[in-house]
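Q: Could you take me through a structure and show me how to read its ring pairs and its helix packing?

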Amino acid sequence: MFLENKRAFFKKESGDFEKNVQREFEKELNKLVERRLQEDEEYKKNYRPITLLGVMKDLLQNNAFLVFSIITSLPMYLLLLIYSNPYAKYIFERLVMMIFVLFGVVFLVFTILYMSPMDPAVNILGQTATQEQIVEFNRVYGLDQPYIVRLFEAFKGLVTLDMGRSYAGNEVVMEAISRKFPVTLQVTFASLAVALILAIPSGIISAVKPYSTFDYVFMLIALLGLSIPNFWLGLVLILNFSINLHWLPATYSATDWTTLIMPAIVLGTALSASVARMTRSSMLEVINQDYITTAKAKGLSSKRVILKHALGNAMIPIVTVVGLQFGGMLGGSAVTEKVFNINGIGSYIVDKQFIPDIPVVLTGVVYVSVVISLANLVVDILYAFLDPRIKSKMKNY
């Protein structure tokens with residue numbers, strides 16, 4: 001329009017006008033093309049294809065995203081690692097089940113203690129305590145709170161591993177249990193050693209020579225071991241070896257290993273009786289199998305047949321008994337601990353249950369539940385190493 005008005009004003013020919021238009025058009029077109037080419041060159045210089053790897057590199061350079069991705073993905077990778085191994089998968093699932101068992105145990109025990117007619121405040125402060133003293137005691141230890149609130153506090157303590165303080169003595173319960181656990185563990189291992197030394201050989205001999213003099217003598221001793229109360233045997237040992245003969249100390253001391261002998265004998269005798277009877281019955285069942293007869297027919301020595309072939313296949317019931325008894329002893333043997341003045345977990349829990357000292361009793365029950373659950377788990381894992389058939393089932397589990 002501008003060129004047309006210019007042509008009309010100067011009265012130029014239309015041919016010149018068209019040339020001018022064409023020249024201006026080409027000029028503007030060239031400018032446009034050059035600008036687009038420059039833009040394309042700049043785009044090519046700065047262009048980077050969008051790929052998954054490139055996006056991840058950019059994101060990983062962001063510290064916040066890196067921390068967030070590690071936190072969110074680590075559990076998934078741990079689960080993949082756990083479930084890739086049949087043993088790890090089995091252990092993990094048993095541990096998860098144990099968590100639900102612990103919460104159920106806490107709920108049940110706390111409910112029973114809550115419904116108990118015993119009053120901790122009266123039992124600790126005495127019958128002469130005033131009403132104001134009882135109210136203050138209940139306020140300090142939260143005994144005036146509703147059932148739901150106290151149950152929630154018990155669950156919270158289980159999760160945080162802080163079960164509170166005991167009513168009698170005002171000591172931290174978890175610290176008290178941790179101090180007494182090494183003592184109970186030491187006595188338990190000593191008792192288990194005595195039991196296995198006595199039980200396994202006597203059970204094998206009784207099975208190899210059934211209905212012989214050895215068999216009757218060993219089984220009679222095992223029956224006596226099951227029948228004799230621990231407190232009576234402990235008092236007899238103290239009377240003879242401590243008071244009359246002065247051979248062994250009457251009370252336990254952590255710095256003197258000889259004080260473990262009599263408690264180990266008392267606890268190990270009862271355990272050895274059960275293990276010996278189980279060893280005998282399991283060995284009798286195994287030595288009559290066809291593969292034992294085949295091993296003997298191949299010319300293998302009796303000792304090799306008994307110890308390698310028979311005993312290995314008879315170990316599963318024996319391991320079961322030993323594992324359950326071991327877990328029970330780790331839970332504390334209050335009677336034996338009282339007789340020998342052992343400051344262990346069993347006597348500690350029993351003393352507190354008559355108050356009732358609810359934090360101590362709850363912690364003690366949780367501890368016993370954990371110990372027995374772990375003992376059962378270890379026994380189940382040992383099954384796989386003793387019996388290839390169980391190992392195969394675990395891999396297909």
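Predicted model: local features only at pLDDT ≥ 70, side-chain atom pairs only at ≥ 80, totals over all residues.

Q: How is the pair of Phe103 and Phe155 arranged, centre to centre and between the planes?
A: Two values are read together, the separation of the ring centres and the angle between the planes; planes under 30 degrees apart count as stacked and those over 60 as edge-to-face, with the rest called tilted. For Phe103 and Phe155 the centres are 5.4 Å apart and the planes stand at 50°, which makes the pair tilted. Because Phe103 belongs to helix H5 (residues 86–115) and Phe155 to helix H8 (residues 147–160), this pair ties together parts that are 52 residues apart in sequence.

Q: What is the relative accessible area of Phe103, and what is that of Phe155?
A: Between the cut-offs of 20% for buried and 50% for exposed, a residue counts as partly exposed. Phe103, with a relative accessible area of 30%, is partly exposed, and Phe155, at 22%, is partly exposed as well.

Q: How far apart are the ring centres of Phe110 and Tyr147, and at what angle are their planes?
A: Their centres lie 5.8 Å apart with the planes at 35°, so this pair is tilted. Here too distant parts of the chain are linked, since Phe110 is in helix H5 and Tyr147 in helix H8, 37 residues apart.

Q: Are Phe110 and Tyr147 buried or exposed, and which residues form one aromatic cluster with them?
A: Both Phe110 and Tyr147 are buried, and together with Tyr114 they form one aromatic cluster.

Q: Where does the charged end of Arg280 sit?
A: A ring can also have a charge placed over it, and in this model the charged end of Arg280 sits over the ring of Tyr211, at 5.8 Å from the ring centre.

Q: How do helix H9 and helix H17 pack, in angle and in the distance between their axes?
A: Helix H9 (residues 173–208) and helix H17 (residues 358–386) pack at an angle of about 50°, their axes being 10 Å apart. The two helices are therefore oblique to each other, and their crossing is right-handed.

Q: Which residues in H9 and H17 meet, and what does Thr363 touch?
A: On the H9 side Val173, Met174, Ile177 and Phe181 meet Pro359, Val360, Thr363 and Tyr367 of H17. Leaving aside residues up to four places away in sequence, Thr363 touches Met163, Val173, Met174 and Ile177. Thr363 is buried, with a relative accessible area of 4%.

Methods:
Residues numbered from 1 in each chain as written. Heavy atoms only, no water. Phe/Tyr/Trp six-rings, centres within 6.5 Å; stacked < 30°, edge-to-face > 60°. Helix = DSSP H or I, 4+ residues; strand = E, 2+ residues; numbered from the N terminus. Buried < 20%, exposed > 50% of the residue type's maximum accessible area, 1.4 Å probe, protein only. Lys NZ or Arg CZ within 6 Å of the ring centre and 35° of its normal. Axes fitted to C-alpha atoms, helices over the stretch in contact; angles between N-to-C directions. Parallel < 35°, antiparallel > 145°, perpendicular 65-115°, else oblique. Left-handed = near helix turned anticlockwise from the far one by under 90°. Contact = heavy atoms within 4.5 Å.
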